[in-house]
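Thanks for taking a look at this one with me. Below are some numbered points to read alongside the structure.

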Amino acid sequence: MYALGRTQHGSFQVWSPRSGGLRSAAVRPKRVSPRPSPRPSLPSTAADGHWPVRSPMAETIKPASRLSLPQRRQPLAQPPKVGSRSFDPTPYAATSYANVQFAVFVACMGALCFGYHLGVLNGPLPAIAAELGFAGQPVLEGMVVSTCLAGAAVGSLTGAKLAQRFGRKGTLLLDVIPLFLGAFLCATASSFNWLIAGRVVVGIGIGLASGLVPLFISEVAPPEIRGQMGSLNQLTICFGILGALLVNVILPPASWRIMFWIATLPALFLAFGLLFVPESPRWLFGSGQTNEAQLAAARLWGPDGPLMLSDGRPSAPGSASGKKPGLFTLLTTKSVLISCFIFAFQQFAGINAIIYFSSSVFAQAGVKSGALASAGVGAINVFGTLVAGQLVDRAGRKQLLLVSFLGMAAAMMCMSAGLALPQLASISGAIALVGTLAYVLMFAVGVGPVPGILVSEINAAAIRGSAVSFAMVTHWVCNFAIGQLFLPATNQFGVSTVYLGFAAVCILAALFVQTAVLETKGKSLEEIEALMAR
């Protein structure tokens with residue numbers, strides 16, 4: 001056996017078992033053209049720690065410097081520190097995020113259920129009332145809609161504790177039960193009471209999904225695509241609403257039970273898909289399961305994924321003592337207050353009023369089918385949300401909110417002027433149609449998708465679940481309040497005045513965003529947490 005080593009002058013030393021030592025060996029390389037500069041010397045060992053072994057009978061020995069070593073991706077020198085401004089998402093940009101995209105896609109099945117159940121009753125409610133025996137009773141018909149909102153508020157309120165105890169993925173799996181069971185009860189309802197029971201149960205599932213889906217997405221998506229991934233939540237809700245409206249157009253109202261059976265499909269897909277999705281690495285890390293967190297991070301974010309998890313636990317109120325903050329402390333935390341105000345402004349900006357009047361506005365423009373008019377509004381909503389998904393990681397969350405609120409205010413003022421000014425009476429229908437579409441488009445570009453992304457980003461890890469729950473409770477309570485107050489307000493003050501009030505809310509919301517909201521584009525969750533703590 002002979003072993004080779006290279007001397008400083010480029011010749012070789014051969015260790016021979018017969019001579020018992022080293023001897024120089026002249027190597028005759030093949031004739032090659034002269035090189036302009038000498039090749040750099042190699043380190044003392046190869047990548048695997050050994051020099052290649054060759055037989056002494058070989059006529060020519062290939063110098064080790066010509067060996068092609070495998071190129072390996074070098075890991076980052078240090079993991080990003082909590083709150084460090086030096087965090088740069090560029091090293092992670094080359095990683096394939098197919099697992100992240102699949103996880104987000106599966107989680108968005110909860111958002112699809114959310115949107116579908118919001119829109120499925122638009123067409124078949126009169127047929128349902130006639131079959132179940134409460135036709136001509138508007139109070140009972142209103143209960144079919146409002147009980148779903150009440151269940152959603154309950155689901156949003158309980159989601160925080162469940163998400164903290166069972167994890168984000170575990171709670172999404174639990175959410176499959178009310179989403180499927182509620183749709184099943186509605187599809188098989190034989191009386192008004194069973195229908196109400198199904199609507200309450202599915203409302204609880206919707207409330208859980210409304211907070212869990214954006215929370216899960218914010219924790220599994222890396223900084224450079226977190227905004228785009230987060231916008232998929234709102235986009236899927238829009239697809240759910242649009243899908244329900246298209247089902248109303250395709251199927252006759254008498255087939256309302258089939259419509260509810262369709263609602264069980266995304267719930268089943270959610271349950272099946274979650275079996276192949278890892279738990280949130282940040283929840284695992286925060287709950288002390290470091291090894292599991294690193295495995296999940298590597299699976300989602302690639303070989304450097306574990307380095308994206310900080311060395312220490314994120315700071316948050318009460319985290320130093322290991323206790324969760326009290327209710328009063330939580331409700332007075334700056335990030336929680338911003339979250340609740342953002343969703344309150346979203347609802348009081350008038351989106352539900354616009355949707356409510358969309359059918360009559362399209363009727364004035366010559367579109368007699370209310371379902372087709374609603375589908376048109378849904379299509380504009382989907383288009384605007386697609387645009388937001390492309391802009392949210394470029395323009396930023398704050399910029400989109402500002403443009404969106406100001407654009408909504410302008411559309412509301414134009415529609416108010418078209419209704420109030422006699423000089424515009426001849427074209428008031430066209431103004432209402434263009435204003436409605438412009439309002440929905442501006443809402444979809446920013447105010448629709450951004451609050452769900454922002455709320456999950458600006459709250460510290462220790463209170464993120466609770467903050468999202470409180471924000472979504474605010475969303476559902478304000479949604480219910482607008483539904484109850486809008487018609488009395490229009491009867492008392494007129495539609496034009498109410499629209500001016502909505503425009504004023506949009507302007508106040510833009511001022512609030514400009515002064516209180518932090519831009520989170522391109523920042524890690526730990527860096528955002530440190531900035532919010534100042």
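1. Let us begin with Glu526 and Arg282, whose side chains form a salt bridge, with 3.3 Å between the closest N and O atoms. This pair links distant parts of the chain: Glu526 sits in helix 19 (residues 525-532) and Arg282 in helix 8 (residues 281-286), 244 residues apart. Both Glu526 and Arg282 are buried. Please keep in mind as you read that this is a predicted model.

2. How many salt bridges does a search of the whole structure find? There are seven salt bridges.

3. Salt bridges with shared partners join Arg226, Asp393, Arg397 and Glu457 into one network.

4. Is Arg397 buried or exposed? Its relative accessible area is 0%, so Arg397 is buried. Glu457 is buried as well.

5. Staying with helix 14 (residues 397-420), you will find Ser416 there. Ser416 has a relative accessible area of 3%; anything under 20% counts as buried, and therefore Ser416 is buried. Its side chain is joined to that of Ser496 by a polar contact of 2.9 Å. Setting aside residues up to four places away in sequence, Ser416 touches Ser496, Tyr499 and Leu500.

6. Now for the rings: the structure holds ten aromatic pairs. One of them is formed by Phe114 and Trp476, a tilted pair with 5.4 Å from centre to centre and 45° between the planes. Phe114 is in helix 1 (residues 98-119) and Trp476 is in helix 17 (residues 464-493), so their pairing ties together parts that are 362 residues apart in sequence. Both Phe114 and Trp476 are buried.

7. A further tilted pair is made by Phe345 and Phe512, at 5.6 Å centre to centre with 45° between the planes. Here the parts tied together are 167 residues apart in sequence, because Phe345 lies in helix 11 (residues 334-348) and Phe512 in helix 18 (residues 495-516). Phe345 has a relative accessible area of 17% and is therefore buried. Phe512 also has a value of 17%, so Phe512 is buried. Ring pairs link Phe341, Phe345 and Phe512 into a cluster.

8. Phe216, in helix 4 (residues 192-220), is worth a stop too. With a relative accessibility of 0%, Phe216 counts as buried. What is Phe216 in contact with, leaving aside its neighbours within four places in sequence? Its contacts are Ala103, Ala107, Arg168, Lys169, Leu172, Val277, Pro278 and Ser280.

9. Helix 3 gives the most, with six residues. Phe184 is found in helix 3, and at 33% relative accessibility Phe184 counts as partly exposed. The limits behind that label are 20% and 50%, with partly exposed residues in between.

10. Finally, step back to the chain as a whole. Its secondary structure comes to 19 helices and three strands. Of the 534 residues, 49% are buried. Among contacts between residues at least 6 apart in sequence, 78% join residues at least 24 apart. The chain exposes about 25,100 Å², and carbon and sulfur atoms supply 65% of that area.

How values were computed
Residues are numbered from 1 along each chain as its sequence is written. This is a predicted model: local features need pLDDT of at least 70, side-chain atom pairs count only at pLDDT 80 or more; totals for chains, interfaces and linings use all residues. Side-chain values use heavy atoms; hydrogens and water are left out. Helices (H or I, at least four residues) and strands (E, at least two) are DSSP runs, numbered from the N terminus. Buried means under 20% relative accessible area, exposed over 50%, partly exposed in between (1.4 Å probe, protein chains only). Contact means heavy atoms within 4.5 Å. Accessible areas come from the Shrake-Rupley method with a 1.4 Å probe; for residues, only the protein chains shown count as cover. Rings of Phe, Tyr and Trp (its six-membered ring) pair if their centres lie within 6.5 Å; planes under 30 degrees apart count as stacked, over 60 as edge-to-face and the rest as tilted. A polar contact is a pair of N or O atoms within 3.5 Å; within protein, one must be able to donate a hydrogen and the other to accept it, and residues adjacent in sequence count only if both atoms are side-chain atoms. A salt bridge is a side-chain nitrogen of Lys or Arg within 4 Å of a carboxyl oxygen of Asp or Glu.
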